[in-house]
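User: I have this model open and want a quick tour. Start wherever you like.

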Amino acid sequence: MHETYSQIILPFASSPELFEQYTNASGGLRTGMLMEHLDSLAGSIAYKHMLGPSVETLGRVQERGFYIVTASVERLDMLAPLYPVRDIRLSGQVIYAGKSSMEVAVKMEALNPNRGEETLMLGRFSMVCRDTRTHKARPVNPLIIDTPEEEVLYKMGESSKNRRQYAALQALSRVPPSSDEAADLHATYLKYGQEDESLMGDTLLEKTMLMFPQERNVHQKVFGGYLMRLAHELGFANACFFMRSHVTFHSLDGMSFTQPVPIGSIPRLWSQILHTSPPGELPATVHVRVVAGVVNVQTGHEETTNDFRFTWAGDDGKSTPRIIVPKTCQESMLWLEGKRALEMGAQIRGNRIRALEGEQ
């Protein structure tokens, strides 16, 4: 397991030229660009597991006989602020290997010269291996576990995969909401449905782009990390519009890839607010969905390629300015999905805070 470990150092504090490439309008770092790096790192780690630590270059994918793609991202949780700007280390390793899939755990850390390392973000990527000829699942190398610590990581990766499979079985597209969820949805409708609140359908924000060869990956498709950055930036803009303030990134609550985006295609990304924290609750949080789809120019037909879910928090210290109200049955299910995501994120951040308080 330890042989799959890889890291990247981004010396923002010591390299003004590098920091200039990543700085945002507030003088901080562009989170979307760092997430793009994490996706690239997860892919390189998965290839390292398949090829061995001594192989430094991938070469031609067709000659290797297999390729690896990101199937999904379970979570990316921001645990500490990126500011002040410091040197950052991105690292990760394979922690679980199934028949044709791998779980890659990634970490983002700030390197403080006087205070040591600080964990900024933790996440997990699910990578799958495919045969270059048939494009069907291809077996991955087994993971060798040498230490008790690696055994713990392996069980975490296995638990992550099982939890994701269970969540898919409990998805609202398969089973009805619980009685508590149905009651909460009904209460929201009774309280806000007839008032001048925000209908979910009125929160749409979209952009259309051209995909150029500069953003291609080793498979000659659009790099998934680039799409993640575009989705993050569109979701950020929508969250700012809705919250009427600047927002801070809390988490990527889930991301799925259904099919690749070809170079030269015309993807359409659209964003929608799914849920918010209750009035009066601080910090005010908002859950945002971003969907990417490729439009066929000849027919006008659009096929979904990616589905992203993000959570942001308002920076103005005020509670949620408006409440999202679903209008259709489909929107109601999305509203409940957003509710589940906000509750899960709050639980994870609460556990992290309690863990830090226990260390002090």
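Analyst: Start with Pro84, which is found in the loop between S2 and S3. Helices (H or I, at least four residues) and strands (E, at least two) are DSSP runs, numbered from the N terminus. This is a predicted model: local features need pLDDT of at least 70, side-chain atom pairs count only at pLDDT 80 or more, and totals for chains, interfaces and linings use all residues. Residues are numbered from 1 along each chain as its sequence is written, and side-chain values use heavy atoms, with hydrogens and water left out.

User: Which peptide bond joins Tyr83 and Pro84, cis or trans?

Analyst: Cis, with omega at about 5 degrees. A cis bond also joins Leu282 and Pro283, with omega at about 0 degrees. Pro283 sits in the loop between S9 and S10.

User: What about the backbone at His135: is phi positive or negative?

Analyst: Positive, about 65 degrees, although His135 is not a glycine. The residue lies in the loop between S5 and H4. Arg244 is not a glycine either, and its phi is about 60 degrees. Look for Arg244 in the loop between H6 and strand S8 (247–257).

User: Zooming out. How many helices and strands does the chain have?

Analyst: Seven helices and 12 strands.

User: And what order do the strands of the open sheet take?

Analyst: It has 10 strands, in the order S1-S3-S4-S5-S2-S8-S11-S10-S9-S7, and the pairing is antiparallel. Two strands pair if DSSP finds at least two bridges between them. Strands S1 (6–10) and S7 (205–208) are at the edges with a single partner strand each, so one side of each has no neighbour in the sheet. On average, neighbouring strands are turned by 25 degrees against each other, direction ignored.

User: How many bridges join S9 to S10?

Analyst: There are 10, between S9 (residues 266–276) and S10 (residues 285–295), which run antiparallel. Take Arg268: its bridge partner in S10 is Gly293.

User: Which strands does H4 touch?

Analyst: Helix H4 (residues 148–169) packs on the sheet and touches S2 (66–78), S3 (87–97), S4 (101–112) and S5 (116–131). Its direction makes about 75 degrees with that of S3. Contact means heavy atoms within 4.5 Å. Axes are lines fitted to C-alpha atoms, for helices over the stretch in contact, and angles run from 0 to 180 degrees between N-to-C directions.

User: Now helix on helix. At what angle do H2 and H6 cross?

Analyst: Roughly 155 degrees, with the axes of H2 (residues 31–51) and H6 (residues 224–243) coming within 8 Å. H2 and H6 are therefore roughly antiparallel, a label for angles over 145 degrees.

User: Which residues make the contact?

Analyst: From H2, Thr31, Gly32, Met33, Met35, Glu36 and Asp39; from H6, Gly224, Gly225, Tyr226, Met228, Arg229 and His232. They divide into four nonpolar, five polar and three charged. Ala, Val, Leu, Ile, Met, Phe, Trp, Tyr, Cys and Pro count as nonpolar, Asp, Glu, Lys and Arg as charged, and the others, Gly among them, as polar.

User: Last one. What does the C-alpha trace span?

Analyst: About 65 × 60 × 45 Å along its principal axes.

Conventions:
Parallel < 35°, antiparallel > 145°, perpendicular 65-115°, else oblique.
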